[in-house]
Amino acid sequence: MKAAEIMLEARNLTKVYQRGSEEVVALEGISLKVRRGEFLAFVGPSGSGKTTLVNILGCLDNPTSGLLRLRGRDVFCEGKRLPESRLTKIRREVFGYVFQKFYLVPTLTVAENIALPFAFFRKPGSLPDPMEAAKLLGLEKRLNHKPGQLSGGEMQRAAIARALVNNPEIILADEPTGNLDTARCREIGRALERLNREKGLTILLVTHNLELARSAQRVLELRDGRLVKPGSKRR
Amino acid sequence: MISIYQVAAKNLFRKKARSLLTVVGIALSAWVLVSLLGFNRGYENALSKDIDNMGFQVLVAAKGCPYEAATLMLKGGTGLRYMKQSVTEDILKHPEVEQVTPMLMQAVFDPNKGEDGSLTAYLGVDPATFPAMKGFLKFKQGAWFTDPEALQAVMGYEAAELEQREVGDSLLVPEMEVEFKVVGVLARSGTQDDGTIFVPIRTLQNIFNKKGQLTGIGVKVNRKADIAALEQKLYDLPDVQVVSLAQVKQTIMSLVSTAKVMVLSIALIAILIAMVGVVNTILMSVLERYREIGILKSMGAMPWDVFRMIWVETVILCLLGGALGVGLGLVLSKVTDLLIRRLLPYTPTGSLIRIDGGLALLTLAAVLAVGLASGLYPAWRAARVRPLESIRAEGD
């Protein structure tokens with residue numbers, strides 16, 4: 001059987017922040033490969049570097065050194081980075097982002113929020129009808145509601161649907177359940193799992209929640225900016 | 001499918017009170033601006049119309065203050081000075097003069113007029129020459145008097161309305177125990193004639209004991225004659241001053257120019273304040289949505305998309321405010337007209353505020369330009385937001 005394509009490859013990534021005169025090492029020597037259709041969860045305590053790592057993998061941030069490849073092409077290689085305009089194009093064509101705070105536009109309806117990416121960019125191969133994404137996340141009955149009329153779980157599902165409309169190859173979800181209760185956490189976990197299983201989406205999930213992390217096929221633990229153990233199959 | 005323009009328009013509903021106040025600020029500035037521009041146009045037009053409807057191009061008046069003479073020419077004046085009627089003959093000697101008409105203005109305090117009484121002005125005119133010069137005046141009722149010594153009066157449209165008189169009615173001159181019979185009521189002309197009561201000049205001279213005296217002589221000049229040269233010649237006459245149409249226009253315009261400069265300054269300040277208000281509103285909105293803008297960029301918005309979205313918000317605010325201001329200017333032009341009439345020493349009789357489609361569009365264009373300029377900085381700030389900045393704030 002043919003092995004799945006490598007979507008992302010990181011080699012010896014480091015990230016160092018300057019905080020005043022002090023240098024803070026956020027990531028050190030991170031190497032990993034993410035295959036197409038893989039559901040990967042990053043866990044670890046606060047400050048362990050999981051968000052920094054996922055931001056770099058999601059082309060939102062640059063490493064200080066190391067190599068990052070997306071579908072075999074260099075995005076960052078030992079100090080050389082792609083220009084911001086190129087990174088923007090990569091971000092909108094390859095990634096769909098979901099964050100802890102949902103950032104739905106309060107003056108737009110759920111339907112309008114989900115279709116919002118199309119106001120800026122419509123990728124060839126994007127969903128012909130953005131409401132398909134809403135349907136996939138079970139939001140059909142909430143389309144005409146404003147975000148303020150939704151529960152936290154519904155808002156996050158709307159944010160996920162919004163991330164799906166341009167048919168991304170990778171979903172990057174950073175603490176998507178950080179503001180939700182246990183029941184809503186499970187709801188989001190199931191939604192991500194279904195997207196991975198049914199649509200074959202590659203998912204990078206950052207979470208503190210070990211139960212949610214169990215939705216992933218592979219869990220990577222970070223501590224003090226390093227991967228402490230190789231990913232283990234959970235599902 | 002939603003567009004950037006719809007997103008921008010809906011964004012303005014987030015803080016409704018703030019958006020509304022900004023729109024009101026812009027509307028007030030636009031109102032001041034359109035009214036000022038309308039005033040500039042309307043005042044000159046009304047003044048020109050008043051002067052053109054004089055029927056004569058030059059007024060010869062008794063020597064005195066030139067401003068007073070200008071006021072006398074247009075409105076009657078109160079501090080009246082007199083000259084001899086024989087001056088009329090001297091003026092007629094000049095070949096440039098086509099016709100002259102002597103006039104005597106008299107004002108009488110009428111205690112029954114209004115709440116506290118007020119002045120009623122009578123203009124004594126020569127029935128042989130005045131109607132010929134004022135050929136454009138139409139009658140609503142009756143006709144001009146023909147007897148130079150008759151106790152008859154022709155009332156301007158507004159004067160007749162105010163006194164509630166018709167042809168055949170009597171008109172009592174207070175304190176003089178004299179009654180005129182109304183023989184004509186003029187149709188509305190839109191000039192100062194509407195408020196005037198015309199009586200035969202000799203009758204007025206007799207009643208007020210001003211025999212052989214005039215307050216002004218209207219001079220109609222031959223079409224091809226050089227008015228300036230005639231003016232020079234008339235200055236040689238003793239104890240008179242000559243006021244030409246052009247001079248009157250200039251004199252009045254100089255009188256109101258100070259007020260215009262002041263109003264223009266106020267309009268500019270109002271526009272600047274509105275502009276600062278717009279910048280503040282949009283900038284606040286950008287700062288409040290800093291993270292959200294970052295998320296928009298992460299979902300595919302390019303810097304130009306974000307710039308356009310914020311710019312459109314500014315333009316919508318300015319267009320709404322501008323349209324409201326122009327609307328206010330149109331609807332309240334009568335009120336503004338009344339206010340200006342109270343403020344200025346002299347105002348012509350026609351409409352002082354003239355706002356037409358062109359002026360409305362010009363004002364909207366000016367407000368739009370202000371909006372475009374005001375939106376530049378907030379839009380530029382928003383366009384520079386990087387997705388990472390908003391995402392970092394998510395914390396790890």
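This is a predicted model: local features need pLDDT of at least 70, side-chain atom pairs count only at pLDDT 80 or more; totals for chains, interfaces and linings use all residues.
## A sheet in chain A

Two strands count as paired if DSSP finds at least two bridges between them.

Chain A holds 7 helices and 11 strands. Among its features is an open sheet of 5 strands, in the order 2-1-4-5-6, with antiparallel pairing. Which strands stand at the edges of this sheet? They are strand 2 (22–35) and strand 6 (80–81) of chain A; each has a single partner strand, so one side of each is left without a neighbour in the sheet.

Further in, strand 1 (residues 6–19) of chain A runs antiparallel to strand 4 (residues 65–70) of chain A, and 5 bridges join them. Helix 1 (residues 50–57) of chain A lies across strand 1, strand 2 and strand 4 of chain A. The direction of this helix is at about 125° to strand 1 of chain A.

## Chain A as a whole

How much of chain A is buried? Of its 235 residues, 51% are buried.

## Strands in chain B

Now let us turn to chain B and follow strand 9 (residues 197–200), which pairs in the parallel sense with strand 4 (residues 118–125) of chain B over 4 bridges. Here B:L123 stands opposite B:F198 in strand 9 of chain B.

Strand 9 of chain B is also joined by 2 bridges to strand 6 (residues 152–155) of chain B, and these two run antiparallel. In this pairing, B:M155 stands opposite B:I197 in strand 9 of chain B.

## Helix 13 of chain B and its partners

Two packed helices are described by the angle between their axes and the distance between the axes. Helix 2 (residues 16–52) of chain B packs with helix 13 (residues 357–383) of chain B at an angle of about 140°, their axes 10 Å apart. These two helices of chain B are therefore oblique to each other, and helix 2 of chain B passes helix 13 of chain B in a right-handed crossing. Helix 2 of chain B contributes residues including B:I26, B:A30 and B:L33 to the contact, while B:L359, B:A360 and B:L362 are among those from helix 13 of chain B. By class, this contact has 10 nonpolar, 2 polar and 1 charged residues.

Helix 11 (residues 303–331) of chain B also packs with helix 13 of chain B, at an angle of about 150° and with the axes 7 Å apart. Angles over 145 degrees count as roughly antiparallel, and that makes helix 11 of chain B roughly antiparallel to helix 13 of chain B. The crossing of helix 11 of chain B with helix 13 of chain B is right-handed. Their contact has 22 nonpolar and 7 polar residues, with no charged ones.

## Where the chains meet

Finally, how many residues of chain B are in contact with chain A? There are 23 residues of chain B in contact with 31 residues of chain A. On the side of chain B that touches chain A, helix 1 (4–11), helix 10 (290–298) and helix 14 (387–392) of chain B each supply at least two residues. The residues on this side of chain B divide into 12 nonpolar, 4 polar and 7 charged.

Terms used
Residues are numbered from 1 along each chain as its sequence is written. Chains are lettered from A and ligands numbered from 1 in the order in which they are written. Axes are lines fitted to C-alpha atoms, for helices over the stretch in contact, and angles run from 0 to 180 degrees between N-to-C directions. Angles under 35 degrees count as roughly parallel, over 145 as roughly antiparallel, 65 to 115 as roughly perpendicular and the rest as oblique. A crossing is left-handed if the near helix is turned anticlockwise from the far one by less than a right angle, and right-handed if clockwise. Two residues are in contact if their C-beta atoms, placed from the backbone, lie within 7 Å. Ala, Val, Leu, Ile, Met, Phe, Trp, Tyr, Cys and Pro count as nonpolar, Asp, Glu, Lys and Arg as charged, and the others, Gly among them, as polar. A residue is buried if 20 or more other C-beta atoms lie within 10 Å of its own, exposed if 12 or fewer, and partly exposed in between; C-beta atoms are placed from the backbone.
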